[in-house]
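Let's take a friendly walk through the aromatic side chains of this protein. Have the model open as you read.

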Amino acid sequence: MDTKKIVEEIIENKAEDGGIQQVYFVACGGSLGAFFSANHFMQSEAKKLKAAAINSNEFVHDTPAAMGVNSVVILCSHAGNTPETVKAAELAHNKGATVIGMTYTPGSPLTEFCDYVVGYKFRTDLEMNFSEDKALVPLTIAVEILNQVEGFEAYDKYQDGLNKIDGIIRNAQKQVEQRALDFAQTYKDDKIIYTMGSGAGYGAAYIQSICIFMEMQWINSSSIHTGEYFHGPFEITDLNTPFLIQMNEGRTRALDERALDFLKKYAKRYEVVDAKELGLSTIEAPVVDYFNQTLFTCVYDIYNFALADARKHPLSTRRYMWKVEY
Ligand SMILES: O=P(O)(O)OC[C@H]1O[C@](O)(CO)[C@@H](O)[C@@H]1O
């Protein structure tokens with residue numbers, strides 16, 4: 001069933017109970033980060049609908065009081081077997097919420113408690129169109145929910161963006177090929193790399209920090225919000241500390257520019273990934289913000305393969321994950 005029909009059916013089923021009032025995005029790690037732009041979209045654009053992105057275990061132990069028959073709970077687990085995400089799905093199901101499960105693994109344990117199961121493509125899928133990316137699938141669901149519940153004026157502009165994003169990302173990936181190799185050579189021996197970002201693109205910086213630098217490369221990191229940078233983190237800026245700063249195209253670009261101006265003055269080792277320079281501006285202004293995350297994540301792929309190669313540390317290396325009890 002396509003997204004539009006799924007949302008129509010959910011609205012019909014909830015019509016007598018007060019309709020959809022809340023949307024919760026629930027997952028762990030990279031799958032939670034993939035929800036950030038969809039959640040940001042809801043929080044920015046909705047006048048009545050409430051939305052939150054919540055770690056699965058927090059959702060289980062500190063369940064929002066409003067969660068129930070008027071909620072749509074969208075969960076994501078790539079493997080579909082992260083225990084706390086499966087538990088969160090079961091809890092949402094038992095409370096009467098409509099449960100949408102996103103997984104890359106059909107038939108995985110997560111799907112047992114889902115009213116709808118939605119797939120997505122992963123960036124290693126050679127045949128993929130980037131509009132089916134893990135961050136864009138929940139965003140498309142969110143756009144559909146908002147449009148059908150409250151109306152969303154830029155709905156057609158969003159569909160146009162979906163049609164354009166694949167070409168934009170393919171060009172951008174080519175554009176950064178040499179830069180990624182240079183980055184890998186420059187930073188391969190660093191023990192710490194901070195990431196910086198803001199707004200609807202922030203999820204890419206978050207994933208890059210926790211899943212790539214920390215999990216897959218064992219490099220210390222933290223994602224710093226460019227607006228928050230001036231309220232603490234900027235004190236660690238010096239000529240040696242590396243930063244990867246992403247520049248959004250859209251409403252929060254001013255925050256990123258302010259942080260970059262400071263880096264230009266007081267830092268020396270920073271890499272700039274700029275959505276405007278990478279061609280995102282062909283997507284129309286009212287919706288362009290929401291495409292930053294997928295562009296950055298897919299461009300980081302090129303950097304990450306180069307870095308892993310230069311460091312001789314494959315992205316699949318783990319010490320604890322899936323190996324010990326946790
Ligand atoms: O529930 P999922 O999406 O399979 O996630 C499992 C793991 O994969 C990651 O998203 C990336 O390896 C981790 O952050 C997470 O712990």
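A charge sits over a ring if NZ of Lys or CZ of Arg is within 6 Å of the ring centre and within 35 degrees of the ring normal. The charged end of Arg-258 does this with Phe-230, 3.9 Å from the centre of the ring. Arg-319 likewise lies over the face of Trp-218, at 4.3 Å from the ring centre.

A word on the source: this is a predicted model, where local features need pLDDT of at least 70 and side-chain atom pairs count only at pLDDT 80 or more, while totals for chains, interfaces and linings use all residues. Residues are numbered from 1 along each chain as its sequence is written, and side-chain values use heavy atoms, with hydrogens and water left out.

Now to rings that meet other rings. Rings of Phe, Tyr and Trp (its six-membered ring) pair if their centres lie within 6.5 Å; planes under 30 degrees apart count as stacked, over 60 as edge-to-face and the rest as tilted. The structure holds 20 aromatic pairs. In one of them, Phe-41 and Phe-152 have ring centres 5.1 Å apart and planes at 85°, so they are edge-to-face. This pair links distant parts of the chain, 111 residues apart. Both Phe-41 and Phe-152 are buried (under 20% relative accessible area, with exposed over 50% and partly exposed in between, for a 1.4 Å probe and protein chains only).

Tyr-229 and Phe-234 are also edge-to-face, because their planes stand at 70°, with the centres 6.1 Å apart. Tyr-229 is buried at 0% relative accessible area, whereas Phe-234 is partly exposed at 23%.

Definitions and conventions. Helices (H or I, at least four residues) and strands (E, at least two) are DSSP runs, numbered from the N terminus.
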